[in-house]
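Welcome! Please take a moment to look over the sequence and the 3D view below, and then we will walk through the main features together.

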Amino acid sequence: MSASQTIAIVTAVKECWWLKINTKPVRSHSLDGAVFPHIITVKYTVNGKEYLKKKYISYKLPCPKAGDKLTVLYDDSRPKKAKIIL
């Protein structure tokens, strides 16, 4: 297994509004202290073919914006198998 890397562009960022995480023990309203994780979609190209990959981003990590560039590690024999590096 040989790994290579390339640059990917974030194409979409979606907030998981259905997965509310409360950070306060007592809240004054339903969204007081609430944070939400995100799912990002990135697009990368290997040997002229484009691939899309999605990644769950914890609410504790800063979320990239659409258009940001990230590094992707992929398997040379199966470029669809990839890992997004934040």
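## Ground rules

Two strands are said to pair if DSSP finds at least two bridges between them. The strands themselves are DSSP runs (E, at least two residues), numbered from the N terminus.

This is a predicted model, in which local features need pLDDT of at least 70 and side-chain atom pairs count only at pLDDT 80 or more, while totals for chains, interfaces and linings use all residues. Residues are numbered from 1 along each chain as its sequence is written, and side-chain values use heavy atoms, with hydrogens and water left out.

## The sheet

Let us begin with an open sheet of five strands, arranged in the order S5-S4-S1-S6-S7 with antiparallel pairing. Its edge strands are S5 (49-57) and S7 (82-85), each of which pairs on one side only. On average, neighbouring strands of this sheet are turned by 35 degrees against each other, direction ignored; here the axes are lines fitted to C-alpha atoms, and angles run from 0 to 180 degrees between N-to-C directions.

Strands of a sheet pair through backbone hydrogen bonds, either parallel or antiparallel. As an example, Ile40 has Lys55 as its bridge partner in S5.

## The other edge

S6 (residues 69-75) and S7 also pair in the antiparallel sense, over four bridges. A hairpin of six residues joins S6 to S7. Tyr74 finds its bridge partner in S7 at Ala82. S7 has two faces: Ala82 and Ile84 lie on the covered one, whereas Lys83 and Ile85 lie on the uncovered one.

How buried or exposed is Ala3? With a relative accessible area of 56%, Ala3 is exposed, where exposed means over 50%, buried means under 20% and partly exposed is in between (1.4 Å probe, protein chains only). Ala3 belongs to strand S1 (residues 3-15). Leaving aside neighbours within four places in sequence, Ala3 is in contact (heavy atoms within 4.5 Å) with Tyr74 and Asp76. The C-alpha atoms of Ala3 and Asn22 are 39 Å apart, with the two residues 19 positions from each other along the chain.

Now turn to Thr41, which sits in strand S4. Thr41 is buried because its relative accessible area is 13%. Not counting residues up to four places away in sequence, Thr41 touches Ile9, Val10, Thr11, Ala12, Leu52, Lys53 and Lys54.

## An aromatic pair

How many aromatic pairs does a search of the whole structure find? The search finds one. The rings of Tyr44 and Tyr51 have centres 5.5 Å apart and planes at 25 degrees, so this pair is stacked. For rings of Phe, Tyr and Trp (its six-membered ring), a pair needs centres within 6.5 Å; planes under 30 degrees apart count as stacked, over 60 as edge-to-face and the rest as tilted.

Both partners are tucked away from the surface by the accessibility cut-off: Tyr44 is buried at 1% relative accessible area, and Tyr51 counts as buried at 14%.

## The cysteines

A search of the whole structure finds zero disulfides, a disulfide being a pair of cysteine sulfur atoms within 2.5 Å. For Cys16, the nearest cysteine sulfur is that of Cys63, 9.5 Å away. Cys16 counts as buried, at 3% relative accessibility, whereas Cys63 is partly exposed, with a relative accessible area of 26%.
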